[in-house]
Amino acid sequence: MPQPGSAHIHSKTTAALSGGAQVDLQTAEPSAVFTALNTSPKGLTQPDAEARLQRFGPNTIREKEKSALLKLLRFFWGPIPWMIEAAAVLSALIGHWPDFAIIVGLLLYNAAVGFWQEYKASSALAALKANMAPEAEILRDGEYKTLPASAVVPGDIVRIKLGQIVPADVRFIGGKSISIDQAALTGESLPVDKTVGDIGYSSSIAKRGEMTAVAIGTGASTFFGRTAKLVASAGRGVSHAQKAVTRIGDFLIVLCLLLALLLVGTLLYRDVVLAAGWHWSDLINILRTVLVLLIASIPVAMPSVITVTNALGALALSRKKAIVSRLESIEELAGVDILCSDKTGTLTKNQLSLHSPQLFAAKDEASLILAAAIASEAGSTDPIDRAIVAGLVDKRPLSNYRLQEFTPFDPVTKYAQARVTDQNGNSLFFCKGAPQAVITLCKLSGDRAGKATACVQKLASRGLRTLGVASSDDGEHWSFLGILPLEDPPREDSKQTISRARDHGLQVKMITGDDVAIGKEIAAQVGIGQNIFSAGAVFAHTKNMDHLPKQVVDCVEHADGFGRVFPEHKYAIVKALQGRGHQVAMTGDGVNDAPALKQADCGIAVSGATDAARAAAAIILTAPGLSTVIDAIDEARKIFERIINYVLFRVSMTLDIMVVVVFATILFGFPPLTPIMIVLVALLDDIPIMTIAYDNTLLPKNPVHWNMHHLLLGATIIGLFSIAQTLGLLLIGMEWLQNSHWQSWIPLNKAQIQTILFLQIVAGGHLLLFIVRSRAAFFSKPLPAVKLLVAIVGTQALTVLMCGFGWLVPAIPWAVIGLVWLYMIVWMFVLDLVKKGIYRHLGDI
């Protein structure tokens, strides 16, 4: 079995405590290890152990924890929070307390939602610490004592029994053998048998046997601790979604500042230079106008709408057996173009089964399997024994043999043996184990030995594990019955799922801790490809996994998968792919997967994953198999489309309001909207549009990304036409004020013109959403979801009533309301043509 990360992940050399030269504690002779650690098989004294505890520190994982206050304050920092905070300060300065209360409420709501989602996400390091052995049997002052595992120091002698967790990295020094389950650390699908001189890794679990060992690494110096350190250093930092919102905020801030300079400059020129005077009331009026512009420029509800849309999307994903721990991961998952999948339990069943038996002296397959079953331990939970017994079509013949003596698998002899008596009282012997060991036991030679060896090699080349089976009448002369191949077969849906992933524009790479041959066999069966490499060979000369040579990155990008992969390799694979501009999803279930899960754009902990894997992941699957991942990607892409549609609508509308406020103030000398109207626009437009999370949308065939250039350009073009629509209505209104004929028909004043623009912007915004939510004509399928439609129709009815009866805004005649709606419906078809032209020339936004 491989020794995980001997070149990278584990501390290879330790300064000798005895003052001598450094020694490779993983490979040195036990006597050299004792000398280097200044210890002996008798263990340490308590004073010596305490001195070493002071020198090396406790056998725990240390972590840096940010204060909750700093985590909370982070949500008040950034372009959009700055804009909201500036608006709040300005409204307080000029005494607009209702505006101040609403703005501060939205600011606090955005921060509270983000903080709560971060608080709910578990700490990967905390989960890793939870996996540490709580207690250990340590030889101190000549006797074994049960002490906290944190007290283990280098040089301690520890005793490890069945079911116990290995408390530190150790070298086994006494006892016959022990079987260690280190799958969560190394990805190996079967327990590993250890004998004297072998290494045991911290947090692996003893499955059989008992041995004593000397601790060679504790805390952060263990394989487990170094994995935890990778988890702490891993992570993409700011997500693509956060970067996108920041860019949108930057774009609006710059535009707001330019428009504010134009507005303030014009007002100062008009009020100070032309009027040849200055009054404090002029300053208040300018500040009030700037406040209107500032409020108009802030997409105050954008963080909330995106959060709520993601939260409702997370609920939909939970119905597809995918639990979301970080909301922004939904958008990351939608853009994933490479999926790095582990093999065992995800592509395969994680359940060994018999392949086609290879007969030698056995008369048929049933008798060969029966012989192997007799040489298996009754009631064993060992996956090999269970696979053999499950392979018996008829289990009744087992009752014909009475067990007299059973010798469990011995890592030295490499086989298990049973002595039984048959129905006639005859004593018989059966054994199963490593083929070469059984071949030697049977003393095969010549062609028979060559044939058996060739058979084993052929099966191994196909990635199959093999067992040799033999029988004897006297325990001295053995007959080689045959070879039993074992495999962890692919899940029934794996091949179809891989094909479906390709149809979705995804490249799937297999990442496994098993042999390359096993990886190639499974890859061939599920249709991934045969370009599978040994991770150890690819990364052999790489010292810094954060800075990989170009040839290594090229290999990673073009490979179909990797075998013999350890934690630092998985982490490096993800980093390399991200460095080439790919968005990477990584599936995993063990401690060894945690660094890569955290580093990936979207880490996915599969069903049955360890606490460490679940804590490091952004999405946790509750159903086995890869098909759940593809289902989650489908749902994530739909959610992403809804968010893009909302952002396109919101930025276009914000541009419309900003520009109209500035130019109307400059051209006509009064703001087209009051501050309370602008706040009402934000509430009436955005709150019902939160139901966009339920909207029907087409499923994109390929990964979707934040294309900010196209998004902002498309929003600007639509915004310019929306500006034309609103300014056109304003010009009509101003002309109406000057036209005595129209005034005699329906008299209007400036306050009512403001209400008309308020109605047009609220209603026009929702009509614009209907336009941008579809790539084709706005009336084509998929039609809006019922919840979205009901929310918008209800809002529009409320807005019409507000304008007709004068609730919070000056009332306008019902006939004018009808004319405004007729005007907007005509513009709806114009804007729809503009939208289709944008998509035709820009492609995807």
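Visitor: What does partly exposed mean here, as against buried or exposed?
Guide: Buried means under 20% relative accessible area, exposed means over 50%, and partly exposed is in between. This is a predicted model, and in it Y401 has a relative accessible area of 27%, so Y401 is partly exposed.

Visitor: How many aromatic pairs are there in the whole structure?
Guide: A search of the whole structure gives 14 aromatic pairs. Y401 and F430 make up one of them, edge-to-face, at 6.1 Å centre to centre and with 85° between the planes.

Visitor: Where do Y401 and F430 sit in the chain?
Guide: Y401 is in the loop between α14 (383-390) and β16 (402-410), and F430 is in strand β18 (residues 427-433). The two are 29 residues apart, and their pair links distant parts of the chain.

Visitor: Is F430 buried or exposed?
Guide: F430 is buried, with a relative accessible area of 9%.

Visitor: And F429 with W478, why is that pair edge-to-face?
Guide: Because the planes of F429 and W478 are at 70°, and over 60 degrees counts as edge-to-face. The ring centres are 6.4 Å apart.

Visitor: Which strands does that pair link?
Guide: F429 is in strand β18 and W478 in strand β20, 49 residues apart. F429 is buried at 13% relative accessible area, and W478 is also buried, at 10%.

Visitor: Which residues form an aromatic cluster?
Guide: F533, F539 and F562 form one.

Visitor: Which charged ends sit over rings?
Guide: The charged end of R159 sits over the ring of Y144, 4.1 Å from the ring centre. K451 has its charged end over the ring of F360, 5.1 Å from the centre.

Visitor: What lines the largest cavity?
Guide: The lining has 14 residues, with G463, E487, D488, I518 and I522 nearest the centre. By class, 5 are nonpolar, 3 polar and 6 charged.

Visitor: Which element gives the most to that lining?
Guide: Helix α18 does, with 4 residues. Both β20 (478-487) and α18 (516-526) supply at least two.

Visitor: Last one, K570: buried or exposed?
Guide: K570 is buried, because its relative accessibility is 4%. K570 belongs to helix α21 (residues 567-579).

Visitor: What does K570 touch?
Guide: Leaving out residues up to four places away in sequence, K570 touches I511, V565, M586, N592, D593 and A596.

Technical notes
Residues are numbered from 1 along each chain as its sequence is written. This is a predicted model: local features need pLDDT of at least 70, side-chain atom pairs count only at pLDDT 80 or more; totals for chains, interfaces and linings use all residues. Side-chain values use heavy atoms; hydrogens and water are left out. On a 1 Å grid over the protein atoms alone, a cavity is a set of points where a 1.4 Å probe fits but cannot get out, and a pocket is an open set with protein on both sides within 12 Å along at least five of seven lines; lining residues have an atom within 4 Å of a point. Ala, Val, Leu, Ile, Met, Phe, Trp, Tyr, Cys and Pro count as nonpolar, Asp, Glu, Lys and Arg as charged, and the others, Gly among them, as polar. Buried means under 20% relative accessible area, exposed over 50%, partly exposed in between (1.4 Å probe, protein chains only). Contact means heavy atoms within 4.5 Å. Rings of Phe, Tyr and Trp (its six-membered ring) pair if their centres lie within 6.5 Å; planes under 30 degrees apart count as stacked, over 60 as edge-to-face and the rest as tilted. A charge sits over a ring if NZ of Lys or CZ of Arg is within 6 Å of the ring centre and within 35 degrees of the ring normal.
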